[in-house]
Amino acid sequence: MAEPQKIFAVQYNYVPGLGDQRDVHRAAHREFLGSLGTAMVAAGAYVDDPTAALLLVKSDAAESVRDLLAGDPFQQHGLISSTDVHEWSCAVGDQAAAIRGNGA
């Protein structure tokens, strides 16, 4: 049985003063994230902080996550000022096993 991939918490920090630029590229951005299949666990903007968003991504290494997200239209159009990638341990919660990709 293959070992489940690691999970990475990714924080996108948006370029200040974007105005409507994110709205222009939002549909393509969401389509791209959806195209990542099972690698994309979840993603969304912070409700209380519109300058950043959180993505949970399955991969083998942080550099692979960065490479994968390089194709994001938000990245390609210069809307992201920084991308923070951290390996994340999903240890507890009703959905923890499903998020980790195993039944344990």
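This is a walk through the structure above, from its outline to a few single residues.

Before we start, a word on what you're looking at: this is a predicted model, where local features need pLDDT of at least 70 and side-chain atom pairs count only at pLDDT 80 or more, while totals for chains, interfaces and linings use all residues. Residues are numbered from 1 along each chain as its sequence is written, and side-chain values use heavy atoms, with hydrogens and water left out.

Let's begin with the outline. An unreviewed UniProt entry carries the annotation "domain: YCII-related" for residues 13–89. Positions from UniProt are given in the numbering used here, feature names are shortened, and annotations may be inferred rather than shown by experiment. That span is 35% helix and 32% strand, and its end C-alpha atoms lie 22 Å apart. The helices (H or I, at least four residues) and strands (E, at least two) are DSSP runs, numbered from the N terminus.

Now for the strands. Pairing needs at least two bridges found by DSSP between two strands. Strand 2 and strand 3 make a hairpin, with six residues between them.

Next comes the nonpolar core. That's a set of buried Ala, Val, Leu, Ile, Met, Phe, Trp, Tyr and Cys residues joined through side-chain atoms within 4.5 Å. The largest one has 19 residues, and V10, Y12, L33, L36, L55, V65 and L69 touch the most other members. Strand 1 (6–14), helix 1 (21–35), strand 3 (52–59), helix 2 (62–69) and strand 4 (80–88) each supply at least two residues of this core. Strand 1 gives the most, with four residues. Take L55 as an example: leaving out residues up to four places away in sequence, L55 touches F8, A9, V10, Y12, L33, M40, A42, A43 and L69. Contact, by the way, means heavy atoms within 4.5 Å.

A9, one of those neighbours of L55, lies in strand 1. A9 counts as buried because its relative accessibility is 17%. Skipping neighbours within four places in sequence, A9 is in contact with L54, L55, L56, D84, V85, H86 and W88. A9 and V65 are 56 residues apart along the chain, yet their C-alpha atoms are separated by 9.8 Å.

On to helix 1. The expected span of a helix is 1.5 Å times one less than its number of residues, so the 15 residues of helix 1 should span 21 Å; its end C-alpha atoms are 22 Å apart, which agrees. Helix 1 bends by about 40° at A27, where the bend is the angle between axes fitted to the seven residues ending there and the seven starting there. After the helix comes G37, whose phi is positive, near 60°.

Which residues of helix 1 are buried? They are R22, H25, H29, F32 and L33. The buried residues of this helix pack against strand 1, strand 2 (40–45), strand 3, helix 2 and helix 3 (73–76). H25 counts as buried because its relative accessibility is 14%, and beyond its neighbours within four places in sequence, H25 is in contact with F74, H77 and L79.

L68 is found in helix 2 and counts as partly exposed because its relative accessibility is 31%. Apart from neighbours within four places in sequence, L68 is in contact with F32, L36, A39 and V57. S89 sits in the loop between strand 4 and helix 4 (96–100). Is S89 buried or exposed? S89 counts as exposed because its relative accessibility is 60%. From C-alpha to C-alpha, L68 and S89 are 20 Å apart in space and 21 residues apart in sequence. The C-alpha atoms of S89 and A42, 47 residues apart along the chain, are separated by 15 Å.

Key: Buried means under 20% relative accessible area, exposed over 50%, partly exposed in between (1.4 Å probe, protein chains only).
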